[in-house]
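User: Got a model here I'd like to go through with you. Can we start with the charged side chains?
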Amino acid sequence: MVVTARRLRNLKGWERDLRDRFDEVEFFRVADVPDDPPVTYQDVANKLADRIPEGVSVLIDVDRRWATELDLDTGRPNILLIDREGNLAARFRGRSDPALVEEVSRKIEELLQEP
């Protein structure tokens, strides 16, 4: 899941909805850090430490590699599904709403059935 650091809390709904259905799925959170205004890794880490529950891991992407390489608009959550071989299998964008959660869930079910 990739989203701008300012909207990281928008991933909570996605995790809640998907974790209830798929306990075997691992979540990887990426906080995209836009370069305007410029901030350091430590600035972001300090802010996240105050807002993110203990035990929740977040990759801080100050170089914007995820957004750049995958051409992501991180203003809203990007849900990227990676298959067992490490390939990008599907991508979705938007806040967690029932219709989109269903669409993502169907694709996860397909991926879990693959050998």
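User: R19 first. How accessible is R19, buried or exposed or in between?
Analyst: R19 is partly exposed, with a relative accessible area of 39%. Keep in mind that this is a predicted model.

User: Which residue does R19 form a salt bridge with?
Analyst: With E15. The closest N and O atoms are 2.6 Å apart. Both residues sit in helix α1, four residues apart, which means about one helical turn between them.

User: And E15, buried or exposed?
Analyst: E15 is buried, at 13% relative accessible area.

User: Which residues are linked with E15 in a salt-bridge network?
Analyst: R19 and R29. The three are linked through salt bridges.

User: How many salt bridges in total?
Analyst: The count is eight.

User: Which helices does the E102 to R21 bridge link?
Analyst: E102 is in α4 and R21 is in α1. They are 81 residues apart, so the pair links distant parts of the chain. The closest N and O atoms are 2.5 Å apart. E102 is partly exposed at 35%, and R21 is partly exposed at 39%.

User: What does K107 pair with?
Analyst: E110, with the closest N and O atoms 3.4 Å apart. Both are in α4, three residues apart, so about one helical turn separates them. K107 has a relative accessible area of 21% and is partly exposed. E110 is also in the partly exposed class, at 43%.

User: Now D61. Where is D61?
Analyst: In strand β3. D61 is buried, yet it has no salt bridge.

User: What's the nearest side chain of opposite charge to D61, and how far away?
Analyst: R65, at 5.6 Å.

User: What does D61 touch, then?
Analyst: V30, A31, D32, V33, W66 and A67. That leaves out residues up to four places away in sequence.

User: W66 is aromatic. Which ring does W66 pair with?
Analyst: F28. The pair is tilted, at 5.8 Å centre to centre and 40° between the planes. The rule gives a count of one aromatic pair.

User: Switching to the core. How many residues are in the largest nonpolar one?
Analyst: 23 residues. W14, L18, I79, L81, F92 and V104 have the most contacts inside this core. The elements giving two or more residues are α1, α2, β4, β5 and α4. The largest share, five residues, comes from α4.

User: What is L18 in contact with?
Analyst: F27, V101, V104, S105 and I108, leaving aside neighbours within four places in sequence. L18 is among the buried residues of α1, together with L11, G13, W14 and E15. What covers those buried residues includes β1, β2, β4 and α4.

User: Which residues are in the second core?
Analyst: This separate core has five residues, including V30, A67, L72 and L80.

User: On to strands. How does β4 run relative to β5, parallel or antiparallel?
Analyst: Antiparallel, joined by five bridges. L80 stands opposite R91, and I82 has L88 as its bridge partner.

User: What's in the turn?
Analyst: The hairpin has five residues between β4 and β5. G86, in that turn, has a positive phi of about 90°.

User: Is β4 largely enclosed or exposed?
Analyst: Largely enclosed by the rest of the structure, because four of its five residues are buried.

User: Which residues other than glycine have a positive phi?
Analyst: R64 is one of them, with phi near 60°. R64 lies in the loop between β3 and α3 and is partly exposed at 24% relative accessibility. D71 is another, with phi near 50°. D71 sits in the loop between α3 and β4 and counts as exposed, at 67%.

Terms used
Residues numbered from 1 in each chain as written. Predicted model: local features only at pLDDT ≥ 70, side-chain atom pairs only at ≥ 80, totals over all residues. Heavy atoms only, no water. Core = buried A, V, L, I, M, F, W, Y, C linked by side-chain atoms within 4.5 Å. Buried < 20%, exposed > 50% of the residue type's maximum accessible area, 1.4 Å probe, protein only. Contact = heavy atoms within 4.5 Å. Phe/Tyr/Trp six-rings, centres within 6.5 Å; stacked < 30°, edge-to-face > 60°. Pairing = 2+ DSSP bridges. Lys, Arg positive; Asp, Glu negative; His and termini not counted. Salt bridge = Lys/Arg side-chain N within 4 Å of Asp/Glu carboxyl O.
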